[in-house]
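Q: I am new to this structure and would like to go through it step by step. Could we begin with the side chains?

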Amino acid sequence: MLKGRELSTFRKQLLGWFRQFKRDLPWRRTKDPYRVWVSEIMLQQTRVAAAIPYYERFLQRFPDVHSLAGAPEDEVLRLWSGLGYYSRARNLQKAAQQIVAKHKGQFPKHLDDVLELPGIGNYTAAAILSIAYDEKQAVLDGNVARVLARLSAIRGDLRESQRWQKLQKTADSLLEPKSPGDWNQAMMELGATLCAPKSPQCLLCPVAQFCEGRRQGIAESLPEKRKKRATVQVALAAAVFADRKGQTLLFPPPKSTKENASADHVPTLVSKMWHFPTVSLAGDPGMDLITFLRKELPEERNRDWELVPAGKVRHAVTYRAITLLPFLIEVKNLPRVAGAKQVPLADISSLPVSNLTRKVARAALAAATLARAKQ
Ligand code: SF4
């Protein structure tokens with residue numbers, strides 16, 4: 001761990017570099033905790049360039065914590081649609097409601113209060129408090145951990161509990177107390193730009209002289225790889241009804257919001273959003289889907305559906321590799337199902353839907369176009 005003069009040189013060089021070369025990002029133009037918070041949540045599992053348009057649209061519609069707290073959940077999810085990991089959006093809104101109810105609409109300043117908000121863990125709390133309120137909280141996420149592991153040549157799985165705690169202590173000791181917000185952003189910026197996972201650009205690095213990983217020639221191989229959870233294959237089939245006007249039928253977001261441990265839990269796979277009638281496959285895809293439709297649409301159980309295979313959709317959700325077989329079912333009138341909605345197949349995004357559902361819609365549209373061309 002750096003101390004004394006070395007530590008102050010390290011801080012000065014990294015902060016100087018950040019202030020000169022930092023990327024101009026929309027959330028860096030504000031200290032408003034609400035905006036900083038929205039950006040931090042969006043940036044979890046989403047790249048900066050991809051997050052920017054979503055951030056701008058989201059804030060245009062929900063400019064403050066009150067507008068987000070009072071909005072219909074469907075609308076929040078629709079504006080999130082495409083970013084994935086929808087529990088982030090749901091938690092964001094729940095936390096906004098909590099801030100309105102318990103903190104008079106002011107984002108809390110105390111760490112314990114912040115950590116009580118849904119969807120906010122240690123990293124996000126430290127980022128918001130330091131950037132918005134200049135609180136002395138050092139951030140530690142995967143990016144910062146990588147930088148620290150390289151600086152100190154730390155081997156092994158960084159997420160292992162004791163090692164992670166040690167990294168947090170190192171991050172705390174490096175934190176520049178006079179500018180904690182800029183400091184945290186400087187560490188993140190270094191990890192996101194020069195000290196990227198592949199090919200760190202050590203020649204341009206403002207703190208290269210302090211880097212033990214570089215000195216030992218092992219920087220690029222750090223952090224060492226974690227053991228990955230084995231991929232599980234999941235097979236699904238979905239019914240894409242289409243009437244003569246090009247309308248289709250979507251089922252509502254599943255009611256249960258509980259996480260289910262099984263890999264083929266359909267509500268989890270459709271991100272608990274509007275979705276095509278979908279079944280997990282155990283046997284013949286067409287037969288399984290028909291059995292499922294007869295159960296879900298009891299009034300239509302005597303209908304003979306004609307299922308037209310509409311290709312194959314592949315999608316990944318965390319450790320699951322999904323293969324979904326969409327079947328196009330052309331009908332005169334769409335079946336009536338309580339809670340379901342009719343939307344144009346060519347534009348299902350008037351409702352919040354997951355990326356998997358979008359892919360299914362595209363495959364079904366292509367199949368419908370092909371079928372029409374053959375007639
Ligand atoms: S010298 Fe290289 S490995 Fe070390 S912190 Fe800088 S960019 Fe990362």
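Q: Which residue lies over the face of Tyr319?
A: Arg229 does, at 3.8 Å from the ring centre. A charge sits over a ring if NZ of Lys or CZ of Arg is within 6 Å of the ring centre and within 35 degrees of the ring normal.

Q: And what lies over the face of Tyr54?
A: Arg57, at 5.0 Å from the ring centre.

Q: Where do these values come from?
A: The model is predicted, with local features needing pLDDT of at least 70 and side-chain atom pairs counting only at pLDDT 80 or more, while totals for chains, interfaces and linings use all residues. Residues are numbered from 1 along each chain as its sequence is written, and side-chain values use heavy atoms, with hydrogens and water left out.

Q: How many helices and strands does the protein chain have?
A: The chain has 15 helices and seven strands; these are DSSP runs numbered from the N terminus, helices being H or I with at least four residues and strands E with at least two. Its C-alpha trace spans about 80 × 50 × 35 Å along the principal axes.

Q: How many aromatic pairs are there?
A: The count comes to eight. Rings of Phe, Tyr and Trp (its six-membered ring) pair if their centres lie within 6.5 Å; planes under 30 degrees apart are stacked, over 60 edge-to-face, and the rest tilted. Phe10 and Trp183 form a tilted pair, 6.0 Å centre to centre with 55° between the planes.

Q: Why does that pair tie together separate parts of the sequence?
A: Phe10 lies in helix H1 (residues 4-21) and Trp183 in helix H11 (residues 180-192), so the pair joins parts that are 173 residues apart in sequence. Ring pairs also link Phe10, Trp183 and Phe210 into a cluster.

Q: Is Phe10 buried or exposed?
A: Phe10 is buried, with a relative accessible area of 1%; buried means under 20%, exposed over 50% and partly exposed in between, using a 1.4 Å probe and protein chains only. Trp183 is buried as well, with a relative accessible area of 1%. In the protein chain, buried residues make up 51% of the 375 residues.

Q: Which residues are around the ligand?
A: They are Arg150, Leu151, Cys195, Cys202, Cys205, Ala208, Cys211, Arg214 and Ala219, where a residue counts as near if one of its heavy atoms lies within 4 Å.
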